[in-house]
Every structure is written in structure tokens, then in C-alpha cells.
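Reader: I am new to reading protein structures. Could you walk me through this one, feature by feature?

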Amino acid sequence: MGKAGKGDEQNLEVIYIEAGDRGSLLFFYLFCFCNQSDIIKIEMLDINYLRENLKEVEKALAKKHTKFDLEKLLKLDDKRRDLRQRIEDLRALQNKLAKEGKSASRRTEKAVEIKNKIKKLEPDLASAETTYFDQAIKMHNIPDKSVPSKEQGNRIEKTWGKPPKFNFDIKSHEQLGKELDIIDIERGVKVSGTRFAYLKNEAVLLEFALVNYLIDKLSKKSFIPLMPPILVKEEAMFGTGFFPADRSEIYEVNPGEDSMYLIGTAEVPLAAYHTNEILDEKELPKKYWGFSTCLRREAGSYGQDTKGIIRVHQFDKIEMFVFSKPDESWKIFDELVKINEEIFQELELPFRLVNISGGELGAPNAKKIDTEVWIPSQAQYRELTSCSNDTDFQARRLNIKYKPQPSNLNPQTLYVHTLNDTALAVGRTIVAILENYQQKDGSVLIPKVLQKYTGFKKISKQGQKA
RNA sequence: GGAGAGGUCGCAUAGUGGCCUAGUGCGCUUGCUUGGAAAGCAAGUAUGUCCGCAAGGGCAUCGCGGGUUCAAAUCCCGCCCUCUCCGCCA
């Protein structure tokens, strides 16, 4: 139910329609109110940490493209804290009186007075919570020290391999796809509209070969395989940070009826897998990989990548997702990037690692390393995979914790850290293979590591397998 | 799509306005006992937040949110979720 919808036009519209259907404006207000108070309980950020490290946090957030008024946030916190304390004191008194009064079994003037005082203060607290929440929800994760600022821009951390040299006029993947009869964009558009395509013949086999190659690879690294649902509830979208920020990217199914959302990445159901759980420390880090079809509206990207299948509404992806202890997450981050490197080294595709600057970092990310692979027809490196450490940002919203083992006297639960990393964006990898492995005669060789999975070594014009 | 049932501590259950500061059983932890184990016995067994050096204490949470009341797990309203049966179906 419109949980993350506060201040979101699209969502308000949905609510309004529903309210109209039932012909009640009152319903509309009730609906909105329930909306917020439900999630308002989530502590989206560590306000005490922020309070104690204000300067540091300010400095880190300055790397970002958005400005944050931390002073205001702290003031709003002070206000709700104060009101909460006053109400709690009154309640303590009320509870005491109720206990004393049970024998008397009758109302006293003092009890009524306290009751009324509380009733008067409660709306104030509710609005203070709401104001605080509205401010807090806009906060981004705090970028790591190693993240370049917006001004510095993305930083290339490493380059591997060299772009291939061709002694003939190269073709783009859409050209190759059409001539080899393995990618059918025209009919994709006919059936589903722009940014849809059919894979056909060897491209289909190549897709499954890539997937199988990766399953083998990840199985050796003790990841737990998951086939997640691709339709999720709003809580999952909110918890992973896609709502409210990237709402326009998400397909909604039967608005107002089912209000389900199609995932743009398996990250969403993988992250939400442990929602509201306290994990056993001994099991951490918990590493998963999930295969899913991903659906994205690509709203506002009209001019970009209009040709080919680099940017489409639907594609398949294998995503790695890790729940870790806070002090291990950066080590795991490096391990994940290492896997990205290994994969492209084995596929023998030239790539570079890019440390994404604060200017482009998503709200949940503390750091992000993209792996960009050389795309010959564009004569540039393009993003194929993306590894992020979201630290406790998602864990807070999804309420995923663990209890530290050395059960000292007062073992408090802590939020886990979450990391997500594309293991394989199947469509874009096919693009990279087609273009980098193309031959003068218009055929395409298959990377050695994949040949045992495809069963053929070459895709050629007649559709003959070599 | 039609008809019903239900959501209480990790699990299972009790609880229909104040003896609930949520009982009991199981599980788990620790201790006693033992050559060791089992059994037995004893104690403990949630989360959040606030105050406090700590010990400890306040408040909230019985699916969620409102309402009634001096007092709500319990009564009223709305919502969410789960399950069962019938129908349809890969």
C-alpha cells in the first residue's frame, strides 16, 4: 500500500483514483495517513552517528550531486525526541495510575487529565515524526573515502586487455545480429514496441551457454543459487532503495488492484529475501546468486542507445548478492570485483574498472565499481557489470540484522551490510562477444571458455555451426 | 472468480476489559549433577528507543493502523498478510 508514496506524484494519483472509486475523500486522507505511519518507524539512518560525526558526514556527502541539510535533519530529530520523551513520561504516570485504580475501578480526575494531555500531544509527535521522516528519506548513503567527488568524476582503476585491431570494416552487433539471423529487432518492435528484441538461433544457445558457464563458476565459489520472483511488493522496492528515488524506472502491474512491481534487477528480491530477519553470525557472509529476467521502463532515455540491444526493456541477468558483517563488507567488495575481472578475462574481452564518482552514485551506494567492456562499433568501453557496497542502507530499510556471537552481557543486534554485483548481464555480454569476436567474413567466433557450453565454435552466415 | 478460517515470545499453544509485569510445553543458553553423556534439577531466553559510567529503569510492540476506556492481546472500525475448500490453469 503506497508506503513509499509520500510526496510522489505518481503514487498520489493512484491513491486519488482509488479514493474516487469509493467516492470518499475521507478515505483518501486515511489512506495517506496509514501510509506513512507504517514505515515511519524505520530508522533509515543512524541519526546518533550523524550527530556525533557531523563534519565528517557533511564532507563525504559533498561528493554527491545532491545537497543535504543535515542541520535541519538534526533539529527535526531534536523536536520529535523531545515530544516523545514528554509523552513517555505521561504514559508512565498513566500506567501507574491505572494499576492503582484497578481496585477502585473508577475514573479519577487526574487520570482523565493525563489522558487528555497525551491526546493533545500525540498529533504533534505524529507530525514531527512525519517531517523528520520526509527529510530522512531523502538522505543518501555516505560515500566511502575512496569514492571520487562529483568534480573529480569517475576514476579508471584498472585496464585489462587491448581493444582488438580489425583489418576490415567492422560491423555493429545489430548488423551482425541481422545478417547472421540471430537477433530480430524488427519483429521485437512489431510485437512489443521499441526496445524489445528476439534472440534467435545461435544467440539463444549462446545465452544459455553463458548462463551455464557462470553457474559452474559460481558453484565453485560457494554461492547459494536462488531463482527469485520477478514480481514484488512495494516493501521490497522501498527497502532496496528503488522507491521513491527510481520509481519512474519500474513497471507497475495492475495499479490499485494488485500493486505489484516488476523488478529491474534480481537485487530486489535477493536483498528482500531476509527481510525482518536476524541472521546467525556463524552463517555470515551469506552469498547468493540469482538469475532473473529484468524489466526496466528506461523512461527519459529516449535519445540513448536507440540501436541494437544495448539498452532494452527486458533482459536476463545473473546477480550476486551478499549479506555480510559490517567489518567484512569491504573485503567482500574486493572479492566480488575480482570475480567480475575473472569472468571477462576468461571470456577474453578487454575491460576496465571504473570507480564511480559521487556525482553518479545511486542513493543506496557507498561505493560502486563498474566493469566496462570494449564495444568496437562505438569505439568505447560500456558498462556491463556493476558492483556496489550499500553498507547498512538497505539493511536498515529491510530490517536485516545479526547478533554478534561473543555474547557479552548485552549483545545488541547490528545491521548487516549488503553488497550487490552483476555477475553476468547476458544481453550486453552477447553484444560484446559478437562485436569483439567478429571476423572478416562476417562470422563470429565463440570464446574458448564457452565452446564446451555452446557445442559450436563459430556462428556463420548460413547458420551453420562449425 | 466463489465460499470459509485464521494471524499471540524461535516453534507449538493458553489467554474474551484490570490477577498479562503475556502462562505452559518444546527448543536454545548457562550452571548443578556425572568418569563422560543422557535424564533430572535450577536459572535464563525478543526487538526498538530513551535516561544512565554501570547496575538498573522508563516507554512502545500480541499482523498493521485508527477508535472506545481511568485501563485493551481481549471490545469497535479499516487495512495487510496467510491458509483451506470449490472453480480455472502452466
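Author: Gladly! Let us start with the words for angles: under 35 degrees counts as roughly parallel, over 145 as roughly antiparallel, 65 to 115 as roughly perpendicular, and the rest as oblique. This is a predicted model, in which local features need pLDDT of at least 70 and side-chain atom pairs count only at pLDDT 80 or more, while totals for chains, interfaces and linings use all residues. Residues are numbered from 1 along each chain as its sequence is written, and chains are lettered from A and ligands numbered from 1 in the order in which they are written.

Reader: How is the packing of α9 and α14 described?

Author: Two packed helices are described by the angle between their axes and the distance between the axes. Helices (H or I, at least four residues) and strands (E, at least two) are DSSP runs, numbered from the N terminus. Axes are lines fitted to C-alpha atoms, for helices over the stretch in contact, and angles run from 0 to 180 degrees between N-to-C directions. Here α9 (residues 202-219) packs on α14 (residues 426-436) at about 115 degrees, and their axes are 10 Å apart. The two helices are therefore roughly perpendicular to each other.

Reader: Which residues of α9 and α14 meet?

Author: Contact means that the C-beta atoms of two residues, placed from the backbone, lie within 7 Å. From α9 come Ala 203, Leu 206, Glu 207, Leu 210 and Val 211; from α14 come Val 426, Thr 429 and Ile 430. Sorted by class, this contact has six nonpolar residues, one polar and one charged. (Ala, Val, Leu, Ile, Met, Phe, Trp, Tyr, Cys and Pro count as nonpolar, Asp, Glu, Lys and Arg as charged, and the others, Gly among them, as polar.)

Reader: Now the sheets. What is the order of the eight strands in the open sheet?

Author: Strands pair if DSSP finds at least two bridges between them. The order is β1-β11-β12-β13-β16-β10-β9-β4, with mixed pairing. β1 and β4 (224-226) are at the edges with a single partner strand each, so one side of each has no neighbour in the sheet. On average, neighbouring strands are turned by 25 degrees against each other, direction ignored.

Reader: How many bridges join β1 to β11?

Author: Five, between β1 (residues 155-160) and β11 (residues 351-355), which run antiparallel. Lys 158 has Leu 353 in β11 as its bridge partner. Nine bridges then link β12 to antiparallel β13 (residues 380-389), where Lys 368 stands opposite Ser 388.

Reader: Which strands does α12 lie across?

Author: Helix α12 (residues 329-346) lies across β1, β10 (314-324), β11, β12, β13 and β16 (417-425), at about 0 degrees to β16.
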